[in-house]
Amino acid sequence: MKIVVPIKRVVDYNVKIRVKPDGSGIDLANVKMSMNPFDEIAVEEAVRLKEKSGAKEVVVVSIGPAKAQETLRTALAIGADRAILIETSETAAVEPLAVAKLLKAVVEAEKPDLVILGKQAIDDDCNQTGQMLASLLDWPQGTFASKVVTESGSVTVTREVDGGLETIKLKLPAVVTTDLRLNEPRYPSLPNIMKAKKKPLDVKKPEDIGVDISPRLKVLKTTEPPTRKAGVKVGSVAELVQKLKNEAGVF
Ligand code: AMP
């Protein structure tokens, strides 16, 4: 079995996001970037499928600036075999549909049995790419996976749905997207970080693939969330009830 894992380089989840003063977007100057956490889970799952179920090859793919090579190297250190970077300019914001079209071309060239993506990228929170890719390929999809079991010719996916879990069986090839509880990604060891430096990493451009990545959406403005007001200390339960009733309008 061959597995393709698309990974996105995003602002690290620990960073407090700053909006640019003119509201045109997020300030990315001197900000720590990392692999999207759901994609780390996807890489971990693919590597586990290689270790446990004998998957043959794990290929990681990123669409992003030259610096996304670092993110791909992290995935190689976790245990992926090969990487592909589809390099865009530092400032290009590639929307999910363009990402899905580029991934479709990669999938057609690589012919994997399984594509495992994150359920969403924590920068745009779109939660669209996996679904769009499955649709463009006309492949079955198992989104929000909290358990993935492969058998010959199929994959069983346990999905996190409102109020419970749903288990579905998909015919391979298929698209799966990861939820948080699927696994806990490992920390790459130093020897594996060193080994990852020698693993193959191909660089292509969107033009080589013939996909137009120009945006279809226009960001009108980006704003900070409203600042939270300071809390108030109350002296008694009666005062609390009075404030909830008369000021907060809770009851
Ligand atoms: P989104 O639809 O933007 O929330 O992203 C969902 C998933 O699609 C991510 O978790 C990644 O697996 C994949 N993805 C999105 N953007 C990219 C990108 N630029 N490069 C590689 N994979 C991506």
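Helices (H or I, at least four residues) and strands (E, at least two) are DSSP runs, numbered from the N terminus.

1. Some ground rules come first. This is a predicted model, in which local features need pLDDT of at least 70 and side-chain atom pairs count only at pLDDT 80 or more, while totals for chains, interfaces and linings use all residues. Residues are numbered from 1 along each chain as its sequence is written, and side-chain values use heavy atoms, with hydrogens and water left out.

2. Let us start with the ligand. The shell around the ligand has 18 residues, and the closest are D39, I63, A121, N127 and T129; a residue is near a molecule if one of its heavy atoms lies within 4 Å of it. Strand β4 (57-64) and strand β6 (114-118) each supply at least two residues of this shell. The biggest share comes from β4, with three residues.

3. An N or O atom in the side chain of T129 is 2.7 Å from an oxygen atom of the ligand. For N36, a polar side-chain atom lies 3.0 Å from a ligand oxygen. P6 takes part through its backbone, where an N or O atom lies 2.9 Å from an oxygen atom of the ligand. On its own the ligand has 480 Å² of accessible area, and the protein covers 99% of that; such areas come from the Shrake-Rupley method with a 1.4 Å probe.

4. What about the record? An unreviewed UniProt entry carries the annotation "domain: Electron transfer flavoprotein alpha/beta-subunit N-terminal" for residues 23-213; annotations may be inferred rather than shown by experiment. Over residues 23-213 the chain is 33% helix and 30% strand, with the end C-alpha atoms 23 Å apart.

5. Now to the surface. V237, V241, V250 and F251 form a nonpolar patch there, with about 410 Å² of accessible area together.

6. V241 sits in helix α7 (residues 237-246) and counts as partly exposed because its relative accessibility is 36%. F251 belongs to the segment after α7 and is exposed, at 57% relative accessible area. Buried means under 20%, exposed over 50%, and partly exposed in between (1.4 Å probe, protein chains only).

Notes. Patches are made of residues with over 30% relative accessible area and no salt bridge: like charges are joined within 9 Å, nonpolar side chains (Val, Leu, Ile, Met, Phe, Trp, Tyr) within 5 Å. A salt bridge is a side-chain nitrogen of Lys or Arg within 4 Å of a carboxyl oxygen of Asp or Glu. A polar contact is a pair of N or O atoms within 3.5 Å; within protein, one must be able to donate a hydrogen and the other to accept it, and residues adjacent in sequence count only if both atoms are side-chain atoms.
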